[in-house]
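Visitor: I'd like to learn how to read a structure like this one. Can you walk me through it?

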Amino acid sequence: VTTFPVVTTFPAVTTSPETTKITETTTVPETTESVITETQIETTAIVETTIIAETSDLVIDTIFETTAKQFENNDITIISYSKTVKRNEIAHVEIKGLPNTKYSITVKYKSGNSSAGGLEEKTSDKNGKVRWEWKIGGKTSLDFDPVITIKGGSSEKEITIKITG
């Protein structure tokens, strides 16, 4: 009886923003047999896997290096926002993100985070859209551009607005 080492190559990873397909191929040397296994998983990240396999008789040493990279702001797109807004007027931000996903907004002024009405956590609609509106205070500092941070899904997006008198 002849025993051959089994050489396994895995995983070959192909990605798109929504689906990752992992293909594993196992080959027995000196035969023509190969077994291919494919698995698909939903993902919002790209996973790169590097495998180095060394064989010595029946011993296979495998070193895995795995790195996960998040898409930069992959699920938040700013549709519109108030780039410049006057004191005592209404500012707005509208985004497109993932459908039916919770999103939060924080507006940081020179004096601290805003507690204005309209800045509550919201769930995006079936198209992924969310809109916030809030009133800029009458005494809001003119020498600081407020920083707006939107978080949801697996992403975060920051923008600034200009306050005028």
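This is a predicted model: local features need pLDDT of at least 70, side-chain atom pairs count only at pLDDT 80 or more; totals for chains, interfaces and linings use all residues.

Visitor: What is Ile105 in contact with, leaving aside its neighbours within four places in sequence?
Guide: Val93, Leu119, Trp132, Trp134, Ile148, Thr149 and Ile150 are the contacts of Ile105 once those neighbours are set aside.

Visitor: How many helices and strands are there in the chain?
Guide: Zero helices and 15 strands. Of the 165 residues, buried ones make up 22%. To see how the chain folds back on itself, check sequence separation: among contacts with a separation of 6 or more, 53% are between residues 24 or more positions apart.

Visitor: Is Ser155 buried or exposed?
Guide: Compare its relative accessible area with the cut-off. Ser155 comes to 8%, and buried means under 20%, so Ser155 counts as buried. Ser155 lies in strand β14 (residues 155–160), and its side chain has a polar contact of 2.8 Å with the side chain of Asp75.

Visitor: How many salt bridges does a search of the whole structure find?
Guide: Five. For each one, ask where the partners sit. In one of them, the side chains of Lys110 and Asp143 meet at 2.9 Å, N to O. Lys110 is in the loop between β9 and β10 (112–113) and Asp143 in the loop between β12 and β13, so this pair, 33 residues apart, links distant parts of the chain. Both residues are exposed.

Visitor: Which parts of the chain does the pair of Lys162 and Asp145 link?
Guide: Strand β15 (residues 162–164), which holds Lys162, and the loop between β12 and β13, which holds Asp145. Their side chains meet in a salt bridge at 3.6 Å, N to O. Lys162 is partly exposed at 38% relative accessibility, and Asp145 is partly exposed at 34%.

Visitor: What does Glu156 form with Lys151?
Guide: A salt bridge, with the closest N and O atoms 3.9 Å apart. Glu156 is partly exposed, at 39%, and Lys151 is partly exposed too, at 44%. Finally, look for shared partners: salt bridges join Glu94, Arg131 and Glu133 into one network.

Note on methods:
Residues are numbered from 1 along each chain as its sequence is written. Side-chain values use heavy atoms; hydrogens and water are left out. Helices (H or I, at least four residues) and strands (E, at least two) are DSSP runs, numbered from the N terminus. Buried means under 20% relative accessible area, exposed over 50%, partly exposed in between (1.4 Å probe, protein chains only). A polar contact is a pair of N or O atoms within 3.5 Å; within protein, one must be able to donate a hydrogen and the other to accept it, and residues adjacent in sequence count only if both atoms are side-chain atoms. Contact means heavy atoms within 4.5 Å. A salt bridge is a side-chain nitrogen of Lys or Arg within 4 Å of a carboxyl oxygen of Asp or Glu.
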